[in-house]
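Open the structure in your viewer and keep the selection panel at hand. The stops below say what to select and what is there.

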Amino acid sequence: MSKLIAGLEQQLAQIDAQSLRRRRRITESPCAPRVQLDGRDMLAFCSNDYLGLAAHPRIVNALQEGASLYGAGSGASHLISGHSRAHAELEERLAEFVAPQIADARALYFCTGYMANIAILSALSGSGADLFSESLNHASLIDGARLSRANVQVYPHGDLTRLASLLAASTASNKMVVTDSVFSMDGDLADLPQLLALCEQHDAWLVVDDAHGFGVLGEHGRGVLEHYALSSPNLVYMGTLGKAAGVAGAFVAAHKSVIEWLVQRARPYIYTTAAPPAIAHALLTSLDIIEGAEGSERRAHLQTLIAQWRGALQPQRWQALASDTAIQPVIIGANDEAMKIAAALYEQGLWVPAIRPPTVPANTARLRVTLSAAHTAAEVTRLVEALQQLELRG
Ligand SMILES: Cc1ncc(COP(=O)(O)O)c(C=O)c1O
């Protein structure tokens, strides 16, 4: 065997020894709470499809219609010939969506949230800039910070006193604070009103990754800025469209000059093939649903399920994190223990992912339960009871 392959296999064996090997399961049905998985019927609490839109018939029809209108692929990057009428309409709609929160807003559609985050951080920050990053930020923000070549300082989770002193000590003319809105592995919310006040005081950008808030938070599902009624020219907002919106991609919304700068300078926007226009076309229907009566009903049902879960699950040995969002983690601790619990649930037809380091800190391996408006109260009860029994069994 070649030395290179042998070296990799040795490292893979170390991953196994720490119970850290990740495996992909193959689904054979649309994303929904009731899925066909490896040939079995399962009840899933895994996806980020918080409103249950991923298989919504109206959105599926719109995707098909989009393919009939525009074909399968875009054929080129946005700045060459891949920017379709569907992309343009979607961006206009998204800008209207955030208009109450960001004056003179424009929006820019990206293939993924990962790319959008890298684009924002690498194009708006740079060498000589100070970038302040929350310690629990998503990997895409961490990678974007590295690529930006800014001086990166990580502040502890939720520690705004520390952030305030870092900002006060900064002499950089370009300062940026970067945070998830809903922390993806913990479910808690960043204190955005305080963060924004600090950013305005110190003339810093506030980059908000609302991957888990867009569609879910706020009266009209416009996300965390609507939830907190925030508005400022310092805001650079990123919302993903493959989670609550049920389709794919992401967008950045900000003052029109920020967006124009991204069009001119953001490499993950410029140097990649535009997403299929059919996706943008389908997203227009998704936005109709999110801001209409159906979206409100779905959000209300999700809130009822969250309250039910929080009231019913009171673990003794494990820890249910205090979260008001659809992300409801249960901290188990050791990697192998978390894997064992997830396997025992799986045996009972319940699919819940075990999340281990490096995604979460060592000794905080957890079940990441996600609730969706597509779940029923009886399904939530089924998972609560299964967990209670497993904890009692020890
Ligand atoms: C907080 C956060 N930001 C960004 C992303 C990346 O978004 P996308 O899946 O669209 O690449 C994710 C999830 O994948 C996320 O959880």
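**Stop 1: the largest cavity**

Select Tyr50, His212, Val216, Leu217, Gln303, Ile306, Asp324, Thr325, Ala326 and Ile327, which line the largest cavity. On a 1 Å grid over the protein atoms alone, a cavity is a set of points where a 1.4 Å probe fits but cannot get out, and lining residues have an atom within 4 Å of a point. The space in this cavity is about 70 Å³, where a volume is the space filled by probe spheres set on grid points joined across faces, edges and corners. Six of the lining residues are nonpolar, three are polar and one is charged; Ala, Val, Leu, Ile, Met, Phe, Trp, Tyr, Cys and Pro count as nonpolar, Asp, Glu, Lys and Arg as charged, and the others, Gly among them, as polar. In the whole structure there are three cavities of 30 Å³ or more.

The model is predicted: local features need pLDDT of at least 70, side-chain atom pairs count only at pLDDT 80 or more, and totals for chains, interfaces and linings use all residues. Residues are numbered from 1 along each chain as its sequence is written, and side-chain values use heavy atoms, with hydrogens and water left out.

**Stop 2: the ligand**

A polar side-chain atom of His212 is 2.6 Å from a ligand oxygen, a polar contact being a pair of N or O atoms within 3.5 Å. Next, select Asp209: an N or O atom of the Asp209 side chain lies 2.5 Å from a nitrogen atom of the ligand. At Tyr114 a polar backbone atom is 2.9 Å from an oxygen atom of the ligand. The protein covers 80% of the 390 Å² of accessible area that the ligand has on its own (Shrake-Rupley method, 1.4 Å probe).

Now show the whole shell, 13 residues with a heavy atom within 4 Å of the ligand. Gly113, Tyr114, Asp209, His212 and Lys243 are the closest. Helix α5 (residues 113–124) gives the most to this shell, three residues; helices (H or I, at least four residues) and strands (E, at least two) are DSSP runs numbered from the N terminus. By class, the shell has two nonpolar, eight polar and three charged residues.

**Stop 3: the largest pocket**

About 940 Å³ of space lies in the largest pocket. Helix α14 gives the largest share of the lining, four residues. The lining divides into 14 nonpolar, four polar and eight charged residues.

**Stop 4**

Select Arg106 and Glu260, whose side chains meet in a salt bridge at 2.9 Å, N to O (a side-chain nitrogen of Lys or Arg within 4 Å of a carboxyl oxygen of Asp or Glu). Arg106 lies in strand β3 (residues 105–110) and Glu260 in helix α10 (residues 256–265), so the pair ties together parts that are 154 residues apart in sequence.

Go on to the peptide bond from Pro357 to Pro358, which is cis, with omega near 10 degrees. Finish at Ala229, where phi is positive, near 50 degrees.

How values were computed: Polar contact = N/O pair within 3.5 Å; in protein donor to acceptor, adjacent residues only side chain to side chain. 1 Å grid on protein atoms, 1.4 Å probe; cavity = no way out; pocket = protein on both sides within 12 Å on 5 of 7 lines; lining within 4 Å.
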